[in-house]
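Dear colleague,

Please find below the structure that I am handing over to you.

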Amino acid sequence: MQAKIPATVVTGFLGAGKTTLIRHMLENAKGKRIALIINEFGDLGVDGDILKGCGDETCTEDDIMELSNGCICCTVADDFIPTMEKLLARENRPDHIVIETSGLALPQPLVRAFNWPEISTKVTVDGVVTVVDGKAVSEGRFAHNVAAVDAQRKLDENLDHETPLSELFEDQIACADMIVVNKSDLLGEDEADALVASLKADSRDGVQVVRASMGKIPVDVLLGQGIAAEGDLEARHEVHHHHHHDDDGDHHDHEHEHGHDEFESFVVTRSEITDPKGFSEQIATVIRGHDILRLKGFAAVEGKPMRLTLQAVGPRVDTYFDRPFGSAPRETRLVVIGQSGLDQAAITAALQA
Ligand SMILES: Nc1nc2c(ncn2[C@@H]2O[C@H](COP(=O)(O)OP(=O)(O)OP(=O)(O)O)[C@@H](O)[C@H]2O)c(=O)[nH]1
């Protein structure tokens, strides 16, 4: 049986920067074959055209499919499932599927659709990415142009027109595996820190909150979360209300020497390890202590000819033996990815210990 294709769901209000983020991802996909499904809304359906104009060999027009019937939750059987089946029936399987929801579709029903029998054996939800307009949210508006969001909502008869936007926003946060605070360029550093802290408090444990400008997130951070979100829907329903006091300045646990919306990665090498399980736990501890988003690579294990592949998303570390080292040097080599300002010396020392 072939491995399931990972699918990432990108959600967020109109104007938050979903299309910009997806475009950046396609332009930096480095040969990864990504199929896009876009949930369009009537006359506002311009995103498909914008993305088709991308002109990159990794995002050909064929790889973009549009859903046109508005709210996904009401049209799963008629629209979403057939679109997915068409995509899955192709000879040239995509490496990854990205689904951009319309700003007002709740992500939960879409994630639930991945439990349909026709789909569940072939695709898994890699993660739900919620893009927020950092500037608007920090000013309590949720969207840059609230009137446009409301106009979009009125166009779709299937949407309830009464729910306050704040509740839709909370649902998008409750469903997220990663929250992208976009438009960081428009935020002051303290404002950005306070918003990140507040979104972390409002989201489920382990949800990564990252800052970005123009949706510039490394593809390795965005894709490959490996969450299988369709399997833990219960956790994503409830909207929790927390009240936040203004940041009292205690949240400055990282130094921002570089732009605070940027990312960095570096490589740590070390000698052979003796105990894979112990090393995984060591990695998880380092990740927790340093806000590392991703860590991946392989380890040489004493007495084993095979490389131990390591992949960590947040503190979840997956390992498996993949292939012999062959002529490559028997070393442990790990790539660490996080937002700029990582304490490279401390992380390196902790991973080499
Ligand atoms: N200053 C600033 N502008 C941004 C950023 N990201 C996106 N924008 C702009 O915000 C506007 C909306 O971005 P889109 O990517 O179209 O937003 P969207 O979420 O896809 O919106 P819809 O697809 O229409 O729902 C565009 O004019 C972008 O150029 C950012 O990080 N900073």
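**Findings**

Met 214 counts as partly exposed because it has 15 C-beta neighbours inside 10 Å; a residue is buried if 20 or more other C-beta atoms lie within 10 Å of its own, exposed if 12 or fewer, and partly exposed in between, with C-beta atoms placed from the backbone. This is a predicted model, in which local features need pLDDT of at least 70 and side-chain atom pairs count only at pLDDT 80 or more, while totals for chains, interfaces and linings use all residues. Residues are numbered from 1 along each chain as its sequence is written.

**Two positive phi values**

Met 214 lies in the loop between β7 and α10. Helices (H or I, at least four residues) and strands (E, at least two) are DSSP runs, numbered from the N terminus. The phi of Met 214 is near 50°, a positive value in a residue other than glycine. Most residues other than glycine have a negative phi. Ala 228 also has a positive phi, near 55°, and is located in the loop between α10 and β8 (263-270). With 14 C-beta neighbours inside 10 Å, Ala 228 counts as partly exposed.

**The chain as a whole**

The secondary structure of the chain comes to twelve helices and twelve strands. Of its 353 residues, 40% count as buried. Two residues are in contact if their C-beta atoms, placed from the backbone, lie within 7 Å. Among contacts in the chain with a separation of 6 or more, 79% are between residues 24 or more positions apart.

**Domains**

The chain is divided into domain 1 (5-236) and domain 2 (263-352); these bounds come from an automatic or database domain assignment. The contact takes nine residues from domain 1 and seven residues from domain 2. On the side of domain 1 that touches domain 2, β7 (208-211) and α10 (219-222) each supply at least two residues. The largest share of that side, three residues, comes from β7. The residues of that side of domain 1 divide into three nonpolar, four polar and two charged. Here Ala, Val, Leu, Ile, Met, Phe, Trp, Tyr, Cys and Pro count as nonpolar, Asp, Glu, Lys and Arg as charged, and the others, Gly among them, as polar.

An unreviewed UniProt entry lists residues 263-353 as "domain: CobW C-terminal". UniProt positions are given in the numbering used here, feature names are shortened, and annotations may be inferred rather than shown by experiment. The end C-alpha atoms of residues 263-353 lie 25 Å apart, and the span is 26% helix and 44% strand.

**Strand β5 and its neighbours**

Strand β5 (residues 123-133) is mostly covered, with eleven of its eleven residues buried. Two strands pair if DSSP finds at least two bridges between them. Strand β1 (residues 5-11) runs parallel to β5 and is joined to it by seven bridges; Pro 6 has Thr 124 in β5 as its bridge partner. Strand β6 (residues 178-182) is also parallel to β5, with five bridges between them, and Val 181 in β6 is the bridge partner of Val 132.

Val 132 is found in strand β5 and counts as buried because it has 27 C-beta neighbours inside 10 Å. Leaving aside residues up to four places away in sequence, Val 132 touches Gly 12, Ala 16, Val 137, Ile 179, Val 180, Val 181 and Asn 182. From C-alpha to C-alpha, Val 132 and Leu 14 are 9.4 Å apart in space, although 118 residues apart in sequence.

Gly 12 is placed in the loop between β1 and α1. Gly 12 is buried, with 25 other C-beta atoms within 10 Å.

In helix α8 (residues 165-175), the residues Leu 168, Gln 172, Ile 173, Ala 174 and Cys 175 are buried. The buried residues of α8 pack against β1, α4 (107-113), β5, β6 and α9 (189-202).

**Around the ligand**

The ligand is surrounded by 17 residues, the closest being Leu 14, Gly 17, Lys 18, Thr 19 and Thr 20; a residue is near a molecule or strand if its C-beta atom, placed from the backbone, lies within 6 Å of it. Helix α1 (residues 18-27) gives the largest share of this shell, three residues. By class, the shell has four nonpolar, nine polar and four charged residues.

With kind regards
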